[in-house]
Amino acid sequence: MNFKYNLILLFLISFIKLNAQDQPNILKEVYIKGYKTVNGIGHLPDTKDGIIFAGKKTELILIDSLDANKAINNTRQILGRIPGLNIVETESSGFTANGIATRGLNPSQSIEMNTRQNGYNISADIYGYNEAYYLPPMEAVNRIEFIRGAASLQFGSQFGGMVNYVIKDAPKKPMEVMVAQTIGSYGLFNSFNSVGGTINKLSYYGFLQYRYMEGYRENSQQSQVSGFGKINYKASNKLNLGIEYSLLRNKVHMPGGLSDDQFNANPQQSTRARNWIKSPWNILTGTLNYNPNENTTFSVKTNFLYSNRSLVWRNEDGGPSAIDGIDPVTGTYVPREVENEDMRNITTEIRGSHSYSLLNQKSTLAGGFRQSYAWFNRQGGGEGTTGSDFDLSYTGNFEKSMNFTTTNFAPFVENIFKLTNSFSITPGMRLEYLKSTAKGYSIVDGDKLLSDAKRTRTFTLLGVGSQYKISRNTNFYGNISQVYRPIDYGQIEPFGVTSKIDPNLKDSKGYNSDLGYRGTIKNYLNFDISGFYMAYNNRIGVTLESDPISGDLYSIRKNIANSVHKGVESYVEFNFIKYFNPNSTFGLSVFDSYSYIDARYTNGEFKGKRVETATKYINRIGLNFSARNFSTTFQINQVGDAFGDASNTMTSDNPVAGYIPAYQVIDWSTTYQYQNFAIKLGCNNLTNKDYFTRRTDEYPGPGIIPAIGRSLYIGFNAKF
């Protein structure tokens with residue numbers, strides 16, 4: 001049915017294209033600078049800020065154009081129009097920054113993504129510990145830029161591509177203040193406040209957000225404070241200097257995971273009352289942008305990350321069904337376990353671009369250099385208190401203490417060769433040098449095992465993209481790029497006791513490719529229909545094995561096999577009112593964001609099995625109505641089934657192995673604005689569907705992590 005539906009949409013696009021009268025001898029020629037979008041959803045230009053996007057599959061989302069629950073960063077409403085976006089919805093169970101992935105990759109904490117803010121990395125270590133614990137509040141974000149796997153050449157070799165959250169610019173007047181207050185179900189209170197302005201050559205912008213939630217489940221309270229400030233000095237028309245600082249302070253009560261029986265009985269119940277986590281984040285960034293002429297750009301970004309993650313919890317011994325009760329002998333709970341992780345990372349990226357004339361066409365050369373050094377200290381197994389409150393104190397020594405470092409040097413270059421007015425080809429290359437070290441100890445069965453390992457590798461990533469313009473705003477595009485994912489800290493160091501690690505893990509490598517047709521037609525049609533093929537070799541995953549002595553099953557992380565991910569991604573949005581009356585102040589549009597994903601292992605013991613967490617289809621259909629001061633959006637989210645591990649086990653006593661059923665969730669949001677004031681309200685999960693998107697053998701589980709049921713919100717915004 002989904003294939004048939006998309007074929008109909010493709011036919012509709014072709015029909016409209018043929019009848020759009022979009023010909024240069026009829027229409028007045030218009031030159032567009034910046035982004036071309038319909039209803040705030042569009043594609044990145046060929047080049048922007050010294051970065052080449054031509055021939056790559058890209059998406060651009062303008063946040064202020066969306067009706068969505070931005071108070072809790074509702075990812076499926078904000079990013080849901082990106083085809084194939086799989087979301088780990090763990091907001092109710094101990095993790096506030098919902099992870100994302102596409103094309104059947106693992107979405108947990110966005111580990112397959114290159115996650116950025118204002119163009120610089122905000123994860124602790126893109127290669128060693130690429131987990132996104134901090135995201136900016138969506139009230140502060142101007143736009144989100146998304147690039148698929150072809151981003152590996154310019155941004156680093158993550159399979160999933162790059163996502164960049166761009167904070168709002170400073171207003172042009174001396175001062176502007178914005179206040180946004182939101183309340184909602186399950187004790188939600190969100191307060192967002194920002195101030196910004198421009199005075200002569202100096203501009204500034206900053207925000208402070210406070211959010212508290214009682215939580216959908218028992219024992220799931222969470223509070224956080226996030227803040228940001230930036231100052232830019234325009235020394236001349238060519239030179240701009242800036243400094244930015246981002247912070248996050250939070251405290252989250254983790255209710256633990258559930259077994260299948262527990263979830264089916266009551267998804268809001270909690271198996272743990274004594275699990276807590278905090279993850280303070282600090283990022284300091286300096287920027288320099290120098291544009292000596294209209295054809296040349298040069299930029300430098302240096303950022304220093306100083307962050308931590310600490311938790312105290314009743315360990316996952318026994319899985320979600322184990323009772324965390326008072327010991328009848330001691331009259332107290334058993335001691336909890338304390339984990340502590342400290343992270344430091346200093347990264348510098350230098351970029352430059354130059355446009356030049358070749359064969360009477362304008363070609364562009366872009367390149368740069370990335371240098372990064374990251375240090376990560378992980379301590380675990382410290383004996384904590386027997387209490388239930390947030391207390392990170394511990395006695396004795398940690399059972400393990402490891403220091404990891406990653407040193408990275410990476411020059412890269414790409415060039416748009418424009419061969420005709422319509423056709424261009426963009427080859428590129430990235431050279432990566434990685435040095436990883438691991439030093440420390442772990443205590444196993446009373447024995448202290450020392451570790452002192454070092455590994456270096458150098459590899460080259462090659463890629464090429466091409467683009468053929470049918471008209472000014474429509475084009476065919478295609479690309480193929482190599483990708484590489486080294487073993488990270490989390491993959492070589494077990495977090496809990498229910499899983500094991502294969503000591504012979506290897507790095508993963510492969511390539512991504514796209515072929516598609518996209519564009520906008522006037523102000524009523526936006527589309528992007530493409531096919532993709534991704535090879536993921538030496539894929540690291542989780543599967544079940546049995547103990548040769550006891551026969552007990554346990555989960556193990558190892559190089560499962562090679563996998564191939566292929567399928568179709570399409571986005572179509574058509575505005576009926578704008579089609580018949582382009583100048584109307586009203587709009588009525590329907591959009592469909594669809595992907596079909598066939599992700600399977602191609603060799604080894606699981607040949608033919610589906611890759612874990614890979615859904616077969618993701619379809620989001622929406623209806624949007626907008627007027628001068630009013631807009632409303634109704635969205636249906638349909639996500640196919642998946643499996644928790646590579647063996648495709650339907651049921652198991654192991655918390656990570658089992659079936660993840662398909663689900664459908666409906667969201668509605670609306671906004672009314674009068675002058676400088678706005679009221680926003682909506683309902684997420686309108687039908688109160690019980691569902692989950694993740695099984696885990698570790699934090700924040702183990703077991704099933706339920707998603708949030710029906711929730712309402714209402715907010716008030718004012719700008720002065």
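By class, 15 nonpolar, 15 polar and 14 charged residues line the largest cavity. Here Ala, Val, Leu, Ile, Met, Phe, Trp, Tyr, Cys and Pro count as nonpolar, Asp, Glu, Lys and Arg as charged, and the others, Gly among them, as polar. The model is predicted: local features need pLDDT of at least 70 and side-chain atom pairs pLDDT 80 or more, while totals for chains, interfaces and linings use all residues. Residues are numbered from 1 along each chain as its sequence is written, and side-chain values use heavy atoms, without hydrogens and water.

**Cavities**

- A cavity is a set of points on a 1 Å grid over the protein atoms alone where a 1.4 Å probe fits but cannot get out, and lining residues have an atom within 4 Å of a point.
- Eleven cavities of 30 Å³ or more are present, and the largest cavity holds about 740 Å³ of space, a volume being the space filled by probe spheres set on the points.
- Among the 44 residues lining the largest cavity, Asn106, Ser108, Ile111, Arg557 and Arg694 lie nearest its centre.
- Strand 28 contributes the most to this lining, with five residues; strands are DSSP runs (E, at least two residues), numbered from the N terminus.

**Nonpolar cores**

- A nonpolar core joins buried (under 20% relative accessible area, 1.4 Å probe, protein chains only) Ala, Val, Leu, Ile, Met, Phe, Trp, Tyr and Cys residues through side-chain atoms within 4.5 Å.
- The largest core has 52 residues, and Ile100, Ile144, Tyr165 and Trp281 have the most contacts inside it.
- A second, separate core of ten residues includes Ala561, Phe606, Val611 and Ala646.

Methods
Buried < 20%, exposed > 50% of the residue type's maximum accessible area, 1.4 Å probe, protein only. 1 Å grid on protein atoms, 1.4 Å probe; cavity = no way out; pocket = protein on both sides within 12 Å on 5 of 7 lines; lining within 4 Å. Helix = DSSP H or I, 4+ residues; strand = E, 2+ residues; numbered from the N terminus.
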